[in-house]
Amino acid sequence: MKILIIEDEQQLASSMAAYLAGEQYLCEFAATYAEAIEKIETFQYDCILLDIMLPDGNGLKILEELKQENKQDGVIIISAKNELEDKIKGLQIGADDYLTKPFHLPELSARIYSIIRRKQFSNANIVIQDDLQIDLMAKAVSVNNVSVVLTKKEYDLLIYFMGNKNRVISKSTLAEHLSGDFADMLDNHDFVYAHVKNLKKKLYDAGCEHYLKTVYGTGYKWTE
Amino acid sequence: MLVISVPVYYFVVDAIWKTELDEHNKIIADKSTFALNQLKLSDAQLMSSVALWNSIQPGTNIEPVHAGTKVKDSIYTIEKSSTYSSKPAIDRFRCLSTIVTINDLPFRFTVETNIEESGETIAVIAIVTLFFFVLIVVGLLFLSRRLSNTVWQPFRNTLNTLKTFNLHRQSALSFDSGNTKEFEELNQSLNKLIEHTSIAYKTQKEFTENASHELQTPLAILKNKLDVFLQSDDLTEKQYLLAEEMNNALNRSSRINKNLLLLAKIENNQFDNTEAIAFDALLLQSIDILKEHFESKNITIELNIKKDVVLNGNHSLTEVLINNLLLNSIRHTAVNGIVIITLNQQIFSIANSGIKALEERLLFKRFSKHSTYNGGSGLGLAIVNEICKFQQWKITYNFENGAHYFKIYFS
């Protein structure tokens, strides 16, 4: 899978690539507006990570260009601005998602995963790992064809792990994912533990055992 | 001065009067003597004429001078009561007693002329002086009132304009300078001062916003590098825990940064506050999201929420306000505590059980710590306060019946 990272900050681009490389994503870079335009005209990408503040132009213009040429690449806007207007404008032009800096890489990975799944398997978007089946459209989970009832948060966590297979995800990162801005305002992140424990138990009870592992005491890892 | 002028005036007037009367007396004496000499009367006739004179001519008296009496002239003032009037009035007289020669005989000629009594003179002068004094004072008052009304008008205008100035709102001021040069200068100086202050204020505000923006990128780099670091194959548990602690600190600095940015934006009026907000719906939604955190501390929530509370303001800011207050109550309520949330069209209040009152003065200040808990950004309540100010709501804090009350009055 090919991903284009349009980001003028070298350090950020390389961290993203390093994290995503483990997921069999092939990353290419564009640091300027001109470079980005050249790349999107020549190649096709599964997902484009677009920083809208570029030294030589507005990233939203690149998005407009893409939509004009009717390209199907998924686009995630990455911005240092947490402005509702920018967000709305970006999504209106046709971006698939919007992330505000600073963000955790597992969050980015999970979002890329969802977008690519949606783009590629628009009708039958079903993830299968051994006896576990997840219908992303219906948001339904089953093990050995027996349906497992998950709460919204548990389902959310499951998808998050799907997008970060074989990755160590810390409790604080999960807390931020689960409660957004609230997470770091809360005393402790034990609620993460409670949700993960419930998810684990439900999957275990359904007969799906060793995918979700606890590592280093407080981190989690979904293995294949 | 006026008090001193009264005796001075008196002496001057009295002196002039006396001199004039002395002259007048002298003329009468000379004229009478001359007339009597012209008549060329015999001695007997003269004596009878003198007797007649003395009986009918008031104010003068002619007497033959006997040998051995003083023959010096004298001028004096006497006071006597009138003999012809029944009224007990005392008159003052200016007298001249002089030796005249009629038919070669020496006579003492005495002239008395009525002169104003000193008391009366003083009284009249005092009254006139007082009258003018009062006139001057009243006139001055009137004049100064009129002057201050006209001359100071531009100054007053400037003052009124200054009173409406609000550095926060950066409203432009225009002074009406009139024609007075001094006021024009004053207004120019004020304009300059305001301009400098506004620029300094703006720079400071922009600095906060720019600094926060600039910090986002290095924070993002740190965060992402840590995420990559966690994936290292040869990571020990100790290293992992260190990284996680770094992660927590990093999250906290991102949050402080984000909150500072939010504060700067509110102060820079970058939000629209004319949206209609369904306050009750927002509140219930936030409570629902945070429910598990109330439950994890076994906090009982009591809700007194009226339906259809619609207010004017900014939607996302109001959400921030509600969340900050709810999180505040979760954080500072002890396990098994109670939180009471009340909402109607006039008031929104959150009460949580506590032990002792907090200092209201410091409560809404930035970075002022109240509890031993130091995981917060120190900006939560400052943001709440700033949002209330922005939406023209009034927030109060008080401690009663073992509970902290945060009340927001709409309108």
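The buried residues of helix H7 of chain A pack against H5, E12, H8 and E14 of chain A, together with helix H6 (237-267) of chain B. The model is predicted: local features need pLDDT of at least 70, side-chain atom pairs count only at pLDDT 80 or more, and totals for chains, interfaces and linings use all residues. Residues are numbered from 1 along each chain as its sequence is written, while chains are lettered from A and ligands numbered from 1 in the order in which they are written.

**Helix H7 of chain A**

H7(A) is mostly covered, with seven of its nine residues buried. A residue is buried if 20 or more other C-beta atoms lie within 10 Å of its own, exposed if 12 or fewer, and partly exposed in between, with C-beta atoms placed from the backbone. The buried residues in H7(A) are A:Lys171, A:Ser172, A:Thr173, A:Leu174, A:Ala175, A:Glu176 and A:Ser179. After H7(A) comes A:Gly180, which has a positive phi near 55 degrees. Helices (H or I, at least four residues) and strands (E, at least two) are DSSP runs, numbered from the N terminus.

**Where chain A meets chain B**

In the interface, 32 residues of chain A are in contact with 33 residues of chain B. Contact means that the C-beta atoms of two residues, placed from the backbone, lie within 7 Å. Four helices of chain A give two or more residues each to this side: H1 (10-21), H5 (105-120), H7 (171-179) and H8 (190-206). H1(A) supplies the largest share, six residues. By class, the side of chain A that touches chain B has 16 nonpolar, nine polar and seven charged residues. Here Ala, Val, Leu, Ile, Met, Phe, Trp, Tyr, Cys and Pro count as nonpolar, Asp, Glu, Lys and Arg as charged, and the others, Gly among them, as polar.

Chain B itself has ten helices and eleven strands. Of its 411 residues, 21% count as buried.

**A three-stranded sheet**

Chain A has an open sheet with the strand order E12-E14-E13 and antiparallel pairing. Strands E12(A) and E13(A) stand at the edges with a single partner strand each, so one side of each has no neighbour in the sheet. Two strands pair if DSSP finds at least two bridges between them; E13(A) and E14(A) pair over four bridges. In E14(A), A:Gly219 is the bridge partner of A:Val215.

| Strand of chain A | Residues |
|---|---|
| E12 | 168-169 |
| E13 | 212-215 |
| E14 | 219-222 |

**Helices H3 and H4 of chain A**

H3(A) (residues 59-68) and H4(A) (residues 84-93) pack at an angle of about 20 degrees, with their axes 9 Å apart. Axes are lines fitted to C-alpha atoms, for helices over the stretch in contact, and angles run from 0 to 180 degrees between N-to-C directions. The two helices, H3(A) and H4(A), are therefore roughly parallel, since angles under 35 degrees count as roughly parallel, over 145 as roughly antiparallel, 65 to 115 as roughly perpendicular and the rest as oblique. From H3(A), A:Leu60, A:Leu63, A:Glu64 and A:Lys67 meet A:Lys89, A:Gly90 and A:Ile93 of H4(A). These residues divide into three nonpolar, one polar and three charged.

**A loop residue**

A:Thr32 is found in the loop between strand E2 (26-30) and helix H2 (33-42) of chain A. A:Thr32 counts as partly exposed because it has 14 C-beta neighbours inside 10 Å. Leaving aside neighbours within four places in sequence, A:Thr32 is in contact with A:Asp8, A:Leu54, A:Pro55 and A:Asp56. A:Asp8 is 24 residues from A:Thr32 along the chain, and their C-alpha atoms are separated by 6.3 Å.
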